[in-house]
Amino acid sequence: MKEQWNRMKSSKSFFCLLSILFLVLVASVMSPSFRTLDNFATIIRQSSTLIVLSTGLTAVLLTGGIDLSVGSTAAFAGCLCAQLLKMGVPAGLIFPVGLGVGLVIGLLNGFLVAVIKLPPFIATYATNWVLKGLSIIVMSGAVIYDLPAGFTVFGTGYVGKIPIIVIFALVIVAAVYFFCRNHSGQGYLCLWLQQRGGQIFRGQYRQERVYGFWTLLHDGGCRRAANDSQA
């Protein structure tokens, strides 16, 4: 028991958890409304979108990369889907279209990094600004209201007393967790360890590029899924 406690204290996550608990305690003392059940549900609901986004980005970070186009991808896909809804496209087709947009952007990032061999920082920084401009063009500077209930229910509806968006986030986290437990998921971590040790040989370097390609593709899909859940 003492050994486990010492191992826990030596972890960086332990101090992160302490910091969060401290902030929650301070906020609860300063504002009694903060510690209400409704406020807790709001926090969990708003965090669910970030949880989905972070699962995709985690795979990229595990390979030693970075993706700066996360927010712009979600924004562009959301703007495009909103315009399609206003044009009369059925809500049931919007989700595949949105996921496809996210996957294509992830495919582009993966191509720039794995094939063109641009640094991930430069490649995703460029796509970040391109997608911001495309979002403005798609929306024409306007704001779209009154989206169909069949589309918004995914982000605002409930199953019993549990928000659908929270259930969706938990499913995504569980799927990524089990993925990281299998051989392919272990490959991401092993690749990162190889990079840290500077022991990437020629064949392993090719594997790094393949993993980098697929992680950026996966990240793009997660970003679109997160945007759907926020709608």
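## The loop at Lys117

Lys117 sits in the loop that connects helix 5 and helix 6, where helices are DSSP runs of H or I with at least four residues, numbered from the N terminus. This is a predicted model, in which local features need pLDDT of at least 70 and side-chain atom pairs count only at pLDDT 80 or more, while totals for chains, interfaces and linings use all residues. Residues are numbered from 1 along each chain as its sequence is written, and side-chain values use heavy atoms, with hydrogens and water left out.

Although Lys117 is not a glycine, its phi is positive, at about 65°. Most residues other than glycine have a negative phi. Lys117 counts as partly exposed because its relative accessibility is 48%, given that buried means under 20% relative accessible area, exposed means over 50% and partly exposed lies in between, with a 1.4 Å probe and protein chains only.

## Packing of helix 4 against helix 6

Helix 4 and helix 6 (residues 120–139) pack with their axes 8 Å apart and at an angle of about 20°; axes are lines fitted to C-alpha atoms, for helices over the stretch in contact, and angles run from 0 to 180 degrees between N-to-C directions. Helix 4 is therefore roughly parallel to helix 6, a term that applies to angles under 35 degrees.

The contact (heavy atoms within 4.5 Å) is formed on the helix 4 side by Ser72, Thr73, Ala75, Phe76, Cys79, Leu80 and Gln83, and on the helix 6 side by Asn128, Leu131, Lys132, Leu134, Ser135, Val138 and Met139.

## The largest nonpolar core

The largest nonpolar core has six residues, namely Cys81, Leu84, Leu85, Ala91, Ile94 and Phe151. Such a core is a set of buried Ala, Val, Leu, Ile, Met, Phe, Trp, Tyr and Cys residues joined through side-chain atoms within 4.5 Å. Helix 4 (70–86) and helix 5 each supply at least two residues of this core, and helix 4 gives the most, with three residues.

Leu103 belongs to helix 5 (residues 91–114) and, with a relative accessible area of 38%, is partly exposed. The C-alpha atoms of Leu103 and Thr73 are separated by 9.9 Å, the two residues being 30 residues apart along the chain.

Thr55, in helix 3 (residues 37–62), counts as buried because its relative accessibility is 8%. From this position in helix 3, the side chain of Thr55 reaches the backbone oxygen of Val52 at 2.5 Å.

Technical notes:
A polar contact is a pair of N or O atoms within 3.5 Å; within protein, one must be able to donate a hydrogen and the other to accept it, and residues adjacent in sequence count only if both atoms are side-chain atoms. Angles under 35 degrees count as roughly parallel, over 145 as roughly antiparallel, 65 to 115 as roughly perpendicular and the rest as oblique.
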